[in-house]
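Morning, everyone. Please have the model open while I talk.

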Amino acid sequence: MNVAVIGAQWGDEGKGKIVDLLTPHFQVVARYQGGHNAGHTVLAGGTRFVLHLIPSGILHPGIRCVIGNGVVVDPDALFQEIETLAEYGIEVDDRLVISDKAHLILPYHRDLDLLNEARRGDRKIGTTSRGIGPAYEDKVGRRGIRVGDLFEATSLAEQVRENVHARNRLVGDSALEWRPLVEHLLAHGERMRPWVTDVSVFLAEAMKRGERIMFEGAQGTLLDIDHGTYPYVTSSNSTVGGACTGLGVPPRAVTGVLGVAKAYTTRVGGGPLPTELTGPMAERLRETGQEYGASTGRPRRCGWYDAVTVRYSVRVNGLDSLALTKLDVLDGLPQILVCTAYKCGDQVLTEFPGDIRVLSTCRPIYETLPGWSRPTRGIRRFEELPAEAQAYVRRLEELSGVPVGIVSTGSEREDTVFREGSIVGSWLEA
Ligand code: GDP
């Protein structure tokens, strides 16, 4: 049984906590896309870890953590994360596995990221400026440098020189030296060597031994380069197909798909957000939900739950079940709105429109549900939730077209409801 955990909205759904919670039921946790822009927050034993690149499975002893070919790796960020983990007594040792085909993020990618955003003027994507987009551009442009290239000094030097010269022609106000960068990379390569392997082979062998793999998605479905709100998207496939291409596993290896969605909606950066709130209600959700970026500290845009986007995620990813997070953030609200469809001009849309020019003109059609006054925070049994909170979850299931197998009622591992009879339970037992 191998399960993919996918963000069903615009990222920051609380995947970190859900992945962390389920990890003890797996032997391998594998990341398949994105870079160190991810910023998963995990609370373990009272310590708050923000993991950007290394799968959060690393916090569990014995779990092997894979960085797939679909991920872009900033070696400086990787080693910084390894050092931070070591400060907390967590050694990656032989538990880390890195694909030789993963592309590298190098200092010139960060410069190009800043340049690209500056050129976009008021159409900024709102990237994290960590060089992730330009590294993917180089990958598709077939001039990227991969982890496996770090072990071939001559060809590495040639490619770095070419790429640095190209960068220097574009970024006028400063010049980068290519030779020190090559030295730096060769040293990184030596340090990384014990972890580098053919990940497709590694995972095939693990599966042959009967080990269970969790595919850990970063960002969210609506940020997918193909299926998201293009161009306000990330540079990779965060949807389930990315697990296959980003790790070299066949589609049938993904035997279950769990979507993670917040009980409301947030988004960072530019692009349409149909249920976006402004004023005191937005402030209320942002403050109670602590909706500030884990990587950048940027305030997130907040809005009501949008069943149209989650239905879309169900379709694109084939979600079997949903983990609904941050239900507790809605505690105390007299009423809660849920978007059931969009009104675009004189049309009512029930399917998520692929073109953001259409999406930008959509207005949400809301259904109003009663709130609850008794806190849900920390509740672990569905029956103990206030009746209105139970009804809210049930209505979201109907509107989103997917059962809710997990309800998260707080940031700690223990603040979680596992629904009885859910498919999630069968995954964990199998
Ligand atoms: P991710 O990128 O999808 O992992 O999401 P983030 O890490 O950016 O955001 C999740 C944040 O919400 C973290 O600070 C978590 O500790 C917190 N969190 C996760 N689940 C819950 C929940 O059910 N309730 C509350 N109040 N906080 C939660």
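A charge sits over a ring if NZ of Lys or CZ of Arg is within 6 Å of the ring centre and within 35 degrees of the ring normal. Arg212 places its charged end over the ring of Phe26, 5.2 Å from the centre.

Quick ground rules. This is a predicted model: local features need pLDDT of at least 70, side-chain atom pairs count only at pLDDT 80 or more, and totals for chains, interfaces and linings use all residues. Residues are numbered from 1 along each chain as its sequence is written, and side-chain values use heavy atoms, with hydrogens and water left out.

Now aromatics. Rings of Phe, Tyr and Trp (its six-membered ring) pair if their centres lie within 6.5 Å; planes under 30 degrees apart count as stacked, over 60 as edge-to-face, the rest as tilted. The structure holds 4 aromatic pairs. Trp372 and Tyr392 have ring centres 5.7 Å apart and planes at 55°, so this pair is tilted. Tyr312, Tyr342 and Phe352 form one aromatic cluster.

Buried or exposed, for Trp372? Buried, at 2% relative accessible area; the cut-offs are under 20% for buried, over 50% for exposed, partly exposed in between (1.4 Å probe, protein chains only). Tyr392 is also buried, at 1%.

Last, the backbone. Most residues other than glycine have a negative phi, and most peptide bonds are trans. The Tyr230 to Pro231 bond is cis, omega near 5°. Asp12 has a positive phi of about 60°, and is partly exposed at 23%. Arg142 has phi near 60°, and is exposed at 78%.
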